[in-house]
Amino acid sequence: MTQISLAATAAYLPERVMTAAEVAERSGIPEAVIVDKFGLRGKHIAGDDEHVSDLSVHAAEVLLEESGVDPESIDVVMYYGSMWKDYAVWQAAPWIAHRIGASRAYAVEYDNVSCGTPVALRIARDMLLAEDELQTILVVAACRESYLLDYGNERSRFMFNFGDGAVAGLLAKDGGRNALLGCYGLTDGSFSLQVKVPSGGSVSPNGGYRFLDVANPTEMKEGLDEVSLANFVAAARGAVERSGATLDEVGYVCGIHMKPSMHRALLAELGIDESRAAYLDDTGHMSGVDPLLALDRAARAGELRDGELVLLLAAGTGYTWAASVVRWGDG
């Protein structure tokens, strides 16, 4: 049976750090609330001239250098990061592929929101399984959504943890290690119009509010409070069952940045000790970047054990919950 492996990962974080104290000063929310309730000690902020293509190229170049992979050997470059890119109505993937020297790669765009990593891994895995001639896919994602925040808008305060950064992952056919197994997702479209930048699309192409906004924060919070935890667990269970396993076999969780209370509740439902889960309180939330960044960090820190299942878990406005499973090491 063909195995798809997560052969290499890498990340890039911009130099500038915005501290919890700075977020507090900009928003008027006490620093203790930012740290304790938001779960944010600080986050990275891209430079004014540092766009998602630049962030993605940085992460991809780190991966290529560390792994020794020739960029000309890559079959597909897939961008799956934030939809807020260098330009409107524009694809980042071809530009990223060109800049890293992946001259023969087919460029694919899967720009998405916070559910990005597990879904991108699913799509890339399925492409490799479906097409015999494909051997490698480089997935890259970046977020620069700190620039979409209006700290004076109380409706959007749950997004004040948004920061900037990028990740890259190399999927390979029959790579031998870090097998990418089952993936699963579910969507509740009733939340679809809650979170958006109201201007710039065909509904309001030339004017209006140009930052992230929430249509009805109370309605959204009450609705998500009813379904979010259960849907996270359903996504996780679906992915591990498709991997021929159970939740009891999950050894490490790499999720998106969320408030600490939700993080703890989710781990309790999954039966995972907090020491076996990443928490990105020094980066905040970066759209689809988080789970792969968490895995890259855990791998570099030697926290992942050979043979254990690593659960990559995410949710994104829309609203979609998604999960993918990697069997770490030789398995």
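Contact here means heavy atoms within 4.5 Å. The model is predicted, so local features need pLDDT of at least 70, side-chain atom pairs count only at pLDDT 80 or more, and totals for chains, interfaces and linings use all residues. Residues are numbered from 1 along each chain as its sequence is written, and side-chain values use heavy atoms, with hydrogens and water left out.

Leaving aside neighbours within four places in sequence, Val253 is in contact with Leu267, Leu270, Ile272, Arg276, Ala277, Ala278 and Leu311. Val253 is also among the residues with the most contacts inside the largest nonpolar core, together with Ile34, Phe232, Leu270, Leu311 and Leu313. A nonpolar core is a set of buried Ala, Val, Leu, Ile, Met, Phe, Trp, Tyr and Cys residues joined through side-chain atoms within 4.5 Å; buried means under 20% relative accessible area (1.4 Å probe, protein chains only). This largest core has 48 residues. Elements that each supply at least two of its residues include helix H1 (20–27), helix H6 (217–242) and strand S11 (250–255); helices (H or I, at least four residues) and strands (E, at least two) are DSSP runs, numbered from the N terminus. H6 gives the most to this core, with eight residues. A second, separate core of 40 residues includes Leu121, Tyr252, Leu280 and Trp328.

The second largest pocket is lined by 19 residues, of which Met1, Gln3, Ala179, Leu180 and Leu181 lie nearest its centre. A pocket is an open set of points on a 1 Å grid over the protein atoms alone, where a 1.4 Å probe fits, with protein on both sides within 12 Å along at least five of seven lines; lining residues have an atom within 4 Å of a point. Strand S8 gives the most to this lining, with four residues.

Methods: Buried < 20%, exposed > 50% of the residue type's maximum accessible area, 1.4 Å probe, protein only.
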